[in-house]
Structure formats: structure tokens, C-alpha cells
Amino acid sequence: MNKPKRVFYVLFIASVVTNIGSGMIASLLGVYSKTLGATGLQLGVIYSGISIARAILSPPVGKLSDARGRKAFLVFGLLAYTLISLGYIYAKTVYGLIVVGLLHGAAAAFVLPVAFAYIGDITPEGKEGQYLGTFGISLFVGWAIGPIIGGVIADLFGYKEAFLSMGILSLTSLIITSFMLPGGRIIRKSKNPISYKSLLKDRLLVVILSVRFLHLLTISSLMTFVPIFAKSISLSLSQVGMILMLNILVMGLLQHPFGRLADKTNRINMLVIGGIIASAGLIGIPFSSNFWQLLFWNMVMAVGSAISFPATNAIVTVKGRDSGMASVMAVFNFAMSAGMAVGPLIAGAIYDVMGLGWVFGVLSVISALGLVLFYPYMKKSPSPSF
């Protein structure tokens, strides 16, 4: 097997395993926090802390990865994942969960942006949508399997055992990466690496980052508040896990076909159409009264996000090829992390003041309005790659 293929397959397997654990934590953390007496705003702070730490560290880690290679950063991040996952077992208060979440987010900054940059290094020109879309399946498959496994373990044994399972999965991913991923320097150096300040002068990149920020702000309520809403209509943790699993699994399985489509059609139009569909799915959630209705609206969200993600990833990969792959991916990850940080805070405040049902509607409207406002700027892009 040649080196690029080996890199792809090893990172794909490691990403699936790691994200199974992350999906388990994300789907259980909200319900577990409520058992410790967390308010809606405190719940938002717990989830936001993970994203804030990841957002702050991703740009400097990405820049160092561009200069010094990828593998060492991935190994360090996965080792930290393994150790930090055990912290959830011993965090007995809301404030303890906030601290563990911050450490969790810091570890994540060494994993996903660097892994995506590594894939970007081996991606042939003109196939950005296909490669990044296919690799994206690893995230969604992991996130899909994680909630159902976590829900079943928590129902049968308890939260502590579910958190311990995440540590075991992170350790497995660490072993795979350490022994099977090729070492050495990065495979492809950027043609014209530039500073973060220069990157942010690129109008199209800033607009794409803004749209992704708003989209992640919207869907950040999925893992945080869908489980709480599901419990409010008397669904079990296993049913919650099933809904989240199918949502993310559908999203993941559609990454490859929509990734191929992104290489053949207008990527900006795909981004906008997918974002609007996802927002429509989110706004329908509070009108659900049973398992099947909640599942339906989650499926609508899944299809919309599946359309949007590969197109966005392809655009960013084209940008990264000229300006530093990990640097661009880190800025991109910063925008996503910032959306995931701000979303739970806004959602938590809405939950405390207006009620659970309003959380989904308000965030959905914010995301849809953002797409409408930014679309004229995206259409002005002169590049045929978009």
C-alpha cells in the first residue's frame, strides 16, 4: 500500500474510534449535568468550554503542524484524550465538569484539525469534495455509533461505565495512530504559506467561516438539548441514542455522494441549500410529541447538513493548498468551535428565560438569516473552484 493510501486508511479508522467516544460523551453530558443540578446556562457553559478551548488552541497548533509535521500532534492529542476522559468519572460537580470540558477541548485541538490537514495534504487537485467528503464519513459514523452505545451502557450500567468506555476507545485510537501512521514531515508543503492576519483578509474565506460559524451555532443544540427535549416527552436514553445515531449516520453516509457532487457543481449553492434544509429540520423539533416525529425532523437536519458539509470542506481545502493546509483548517476549526461555543450559551439562556421549545426555533432563524445575508458575497467569488 502506498503512503498516501496508508495515511488515509489509518486516519479514517482512528477517527471512527475516537469519535465513537466523543459521541458517547456529547450525548450523555447534558443529561448527566442535569443530575448534578446544572441550570440551562451552566449546561451551555459546560459544552461551550469544550469548544472555546478547541477554538483558542486550533490556530497555533495548526501553524506548528504546518511547520513541524502532523503525527506528533495527533499522538499527543489522543494521549490527552485518553487521560482526560477519565476526568468525567471523578467530576462530581458542575464546576468539575466545566474544568474537564476545557481540558477535553484543548486535547481536541491537536486531533481533528491536524487530521483533516493530513488528509488535505494527500488530496489530488480537483477531488477535494470526494476525499474530504469520504474522510468526513469517519466523523459521522463515530458520532452516530457513540450515542447509541453510550445510551445503552448508561441505561444498563451507569454514567461512570460510559465515561470509562470513552477512555478505552481513545486509547485504542492512540495505539492505531502511534504504530500504523507513517511518520516524517508533511507530505505536501503549501505553495505560499501566509499569516493568519493575511488569511482573514480573504473575503470569501471570511464569509465561508462566518456561514460555518452560524451553522454550527445552530446544530450545536443537537447534542446539547435534543436529549433533554427527548426526555421531556418520555423517551429513554437508548431511544435518544438511536435518534442521534440515525441522524449522524445518515449525515455520514451521504458525505461521499454529496462530496462527489461538490466536485461537479457549484459548491456555494450546495452550502446554502443544505444550510436552509438543516435549519428547517431544527425548527420542527419542538413540535414533536413522540419518537417517530422527533426522528423525522432529525433526518431533515441530517440531509441538510450532508449537503452543506462536503461543499464547505472542499472550498476550504482549495484555500489551504495555497495558504498552509493546517493553518487554514485551524482557522476553519476555530470558526466551527466558536459556533459550538456560542450556541450552547445562547441556547442555555433561551432555555432558562423562554423555555426549551424556543431554543430550536431561535437558533434556526439565526442560521437561516445568516445564509440569506452572506449569499450575495459568496456569489461574487471569481474562482471556478467554488
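Author: Start with a cut-off. The model is predicted, and every value below is computed from it.

Now apply that cut-off. The axes of helix 1 and helix 8 cross at roughly 165°. Helix 1 and helix 8 are therefore roughly antiparallel to each other. Their axes come within 9 Å. The crossing is left-handed. What kinds of residue make up this contact? They divide into 18 nonpolar, seven polar and one charged.

Two numbers carry that kind of description. Two packed helices are described by the angle between their axes and the distance between the axes.

Take the next pair. Helix 3 covers residues 71-85, and helix 6 covers residues 112-121. Their axes come within 9 Å and cross at roughly 150°. Helix 3 and helix 6 are therefore roughly antiparallel to each other. Helix 3 passes helix 6 in a left-handed crossing. On the side of helix 3, the contact is made by Lys-71, Phe-73 and Leu-74. On the side of helix 6, it is made by Val-114, Ala-115 and Tyr-118. Five of these contact residues are nonpolar, none is polar and one is charged.

Which residues of helix 5 are buried? They are Val-94, Leu-97, Ile-98, Val-100, Gly-101, His-104, Gly-105, Ala-106, Ala-107 and Ala-108. These buried residues pack against helix 1, helix 2, helix 3, helix 4, helix 6 and helix 8. Helix 1 spans 3-35 and helix 8 spans 159-180. Helix 2 spans 40-68, and helix 4 spans 87-90.

Step back to the chain. Its secondary structure comes to 16 helices and zero strands. Of its 386 residues, 60% are buried. Consider contacts between residues at least 6 apart in sequence: 86% of them join residues at least 24 apart.

Now the single residues. Ala-335 sits in helix 15, residues 325-353. Is Ala-335 buried or exposed? Its relative accessibility is 9%, so Ala-335 counts as buried. Leaving aside neighbours within four places in sequence, Ala-335 is in contact with Leu-209 and Phe-213. Phe-213 lies 122 residues from Ala-335 in sequence. In space, the C-alpha atoms of Ala-335 and Phe-213 are 5.0 Å apart.

Pro-4 is placed in helix 1. Its relative accessible area is 34%, so Pro-4 is partly exposed. Pro-4 and Thr-123 are 119 residues apart along the chain, and 8.7 Å separates their C-alpha atoms.

Last, a loop residue. Ser-234 is found between helix 10 (203-232) and helix 11 (237-253). How accessible is Ser-234? Its relative accessible area is 65%, so Ser-234 is exposed. Its backbone deserves a check too. Most residues other than glycine have a negative phi. Phi of Ser-234 is near 70°, a positive value in a residue other than glycine.

Terms used
Residues numbered from 1 in each chain as written. Predicted model: local features only at pLDDT ≥ 70, side-chain atom pairs only at ≥ 80, totals over all residues. Heavy atoms only, no water. Axes fitted to C-alpha atoms, helices over the stretch in contact; angles between N-to-C directions. Helix = DSSP H or I, 4+ residues; strand = E, 2+ residues; numbered from the N terminus. Parallel < 35°, antiparallel > 145°, perpendicular 65-115°, else oblique. Left-handed = near helix turned anticlockwise from the far one by under 90°. Contact = heavy atoms within 4.5 Å. Nonpolar A, V, L, I, M, F, W, Y, C, P; charged D, E, K, R; others polar. Buried < 20%, exposed > 50% of the residue type's maximum accessible area, 1.4 Å probe, protein only.
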